[in-house]
Amino acid sequence: MEKRCPYRLDVTGQDVHGEAQELRQQGSGIAMVTLPGDVRGWVVVGHDLAKELLTSPKVSKNPRMHWPQWINGEIGADWPLASWPTMENMTTAYGQEAQRLRRPVVKAFTPKRVRSMQPYIERTVARLLDRLAETPPGEVVDLKRNFSYQLPATIICDLFGVPEADRATVLRGGEKTPDSSLTPEEAEANIRDWTEQFSKLIQAKREHPGDDLTSELVNTTGEERLTDSELIGTLFVALGAGSETVMNLVTHAVHKLLTHPQQRAAVEEGRATWDDVIEETLRLESPLNMLPLRFAVEDLELDGVTVPKGDPILMGYGAIGRDPSIHGDSAEDWDISRPEKEHLSFGFGTHYCFGAPLARLEAQIALPALFARFPGIELAVKTEELESQGTFIMNGHKTLPVILDGAAVTVA
């Protein structure tokens with residue numbers, strides 16, 4: 001395989017795992033890349049290096065402090081990835097400021113509170129499966145749009161009190177922001193749109209507070225009180241991450257089970273668990289492929305490579321989960337019997353995803369319910385015919401066409 005340095009990332013994300021292998025060819029745990037707009041950047045591809053940098057004060061997530069190109073206006077709101085540095089929340093803060101912004105949200109996602117949501121999630125899953133059951137026999141249905149997406153989108157919008165009529169527009173920013181192929185005009189319009197939508201939601205909750213997390217955040221007082229800009233950024237990341245990532249996790253898990261019948265049988269016969277399915281899917285098919293953005297606070301010497309101060313760094317979770325130094329020669333294989341399924345798909349350390357318990361619970365409920373309700377479910381196309389999500393940031397299929405009753409197509 002030809003070694004290219006820097007490697008120009010495919011903004012349409014047609015083969016994110018193939019790119020990960022090429023990045024690994026640079027020979028260290030971090031690879032030099034060219035980001036959209038000919039911006040030099042770096043992608044972490046090594047598991048151990050990722051753990052180190054995820055907890056290192058030498059790496060910042062705050063572009064307003066540590067990214068010279070953003071500070072001096074060289075890169076602005078028309079950059080395809082501009083939504084990431086624009087938002088003000090725990091994911092774009094540094095040090096103690098990040099923890100201040102994180103605390104009001106984290107307390108809403110404690111393990112106890114998440115466990116109490118199980119009956120509600122079960123009812124939501126059952127309702128979505130009832131809708132799927134209305135599909136005429138033999139008809140192809142996109143399981144990603146009609147189940148994998150609807151489940152987390154419904155739950156996160158219910159939690160944050162987003163009115164039914166506003167949900168499509170409120171979630172649109174979270175759907176467009178991971179698109180690494182946005183034009184300058186689309187990038188600027190996206191920032192305007194999601195800022196406007198979340199401003200409206202915040203104002204509505206001020207005027208008519210309810211029993212929801214947005215109202216709680218709006219009415220937080222004292223040291224944990226958030227500014228309007230911080231509220232907008234916090235809602236943006238919570239609703240976006242709470243829907244897009246779970247969508248890809250469930251979609252990938254279903255696809256893997258449909259293409260690995262022996263492993264599916266092991267789960268259904270009790271020789272493996274649904275947690276085995278979920279953790280191995282998170283390892284091999286991280287819902288996020290490359291997460292923007294971190295910045296070198298100083299010149300960094302990493303695995304024999306110098307990352308200059310101020311350079312942007314992406315966490316290549318798609319590559320990290322397949323690191324052969326951790327998972328050996330079978331790192332590219334989906335194997336739920338693998339004894340060690342360690343992954344960093346929810347992050348690590350102080351930046352560990354606050355929504356991880358909820359994401360796991362949704363998958364733990366959704367997957368067995370789906371296969372119990374539709375035991376004949378099968379793919380409606382061959383795996384090689386599935387299209388990518390169309391971005392290097394996310395790792396997902398554009399659609400997942402299935403036949404619920406398994407009566408019409410045999411897929412090789």
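User: Which hand does the crossing of H10 and H14 have?

Analyst: The crossing of H10 and H14 is right-handed. Keep in mind that this is a predicted model.

User: How is the packing of two helices described?

Analyst: Two numbers describe a packed pair: the angle between the axes and the distance between the axes. Here H10 (residues 150-159) and H14 (residues 228-259) pack at about 160°, their axes 8 Å apart. Angles over 145 degrees count as roughly antiparallel, so H10 is roughly antiparallel to H14.

User: Which residues of H10 and H14 meet?

Analyst: H10 brings Pro152, Ala153, Ile156 and Cys157. From H14 come Ala238, Leu239, Gly242, Ser243, Val246 and Met247. By class, this contact has eight nonpolar residues, two polar and no charged.

User: At what angle do H11 and H14 cross?

Analyst: Roughly 75°, with the axes of H11 (residues 167-176) and H14 coming within 9 Å. H11 and H14 are therefore roughly perpendicular. Val170, Leu171, Gly173, Gly174 and Glu175 of H11 meet Phe236, Leu239, Gly240, Ser243 and Glu244 of H14. That contact divides into four nonpolar, four polar and two charged residues.

User: Now a strand. Are the faces of E2 covered or uncovered?

Analyst: Start with the general idea. Side chains in a regular strand alternate between the two faces of the sheet. In E2 (residues 30-35), six of six residues are buried. Ile30, Met32 and Thr34 lie on one side, Ala31, Val33 and Leu35 on the other, and both faces are covered.

User: How many bridges join E1 to E2?

Analyst: Two bridges join E1 (residues 7-8) to E2, and the strands run parallel. Thr34 in E2 is the bridge partner of Arg8.

Key. Residues are numbered from 1 along each chain as its sequence is written. This is a predicted model: local features need pLDDT of at least 70, side-chain atom pairs count only at pLDDT 80 or more; totals for chains, interfaces and linings use all residues. Side-chain values use heavy atoms; hydrogens and water are left out. Axes are lines fitted to C-alpha atoms, for helices over the stretch in contact, and angles run from 0 to 180 degrees between N-to-C directions. Helices (H or I, at least four residues) and strands (E, at least two) are DSSP runs, numbered from the N terminus. Angles under 35 degrees count as roughly parallel, over 145 as roughly antiparallel, 65 to 115 as roughly perpendicular and the rest as oblique. A crossing is left-handed if the near helix is turned anticlockwise from the far one by less than a right angle, and right-handed if clockwise. Contact means heavy atoms within 4.5 Å. Ala, Val, Leu, Ile, Met, Phe, Trp, Tyr, Cys and Pro count as nonpolar, Asp, Glu, Lys and Arg as charged, and the others, Gly among them, as polar. Buried means under 20% relative accessible area, exposed over 50%, partly exposed in between (1.4 Å probe, protein chains only). Two strands pair if DSSP finds at least two bridges between them.
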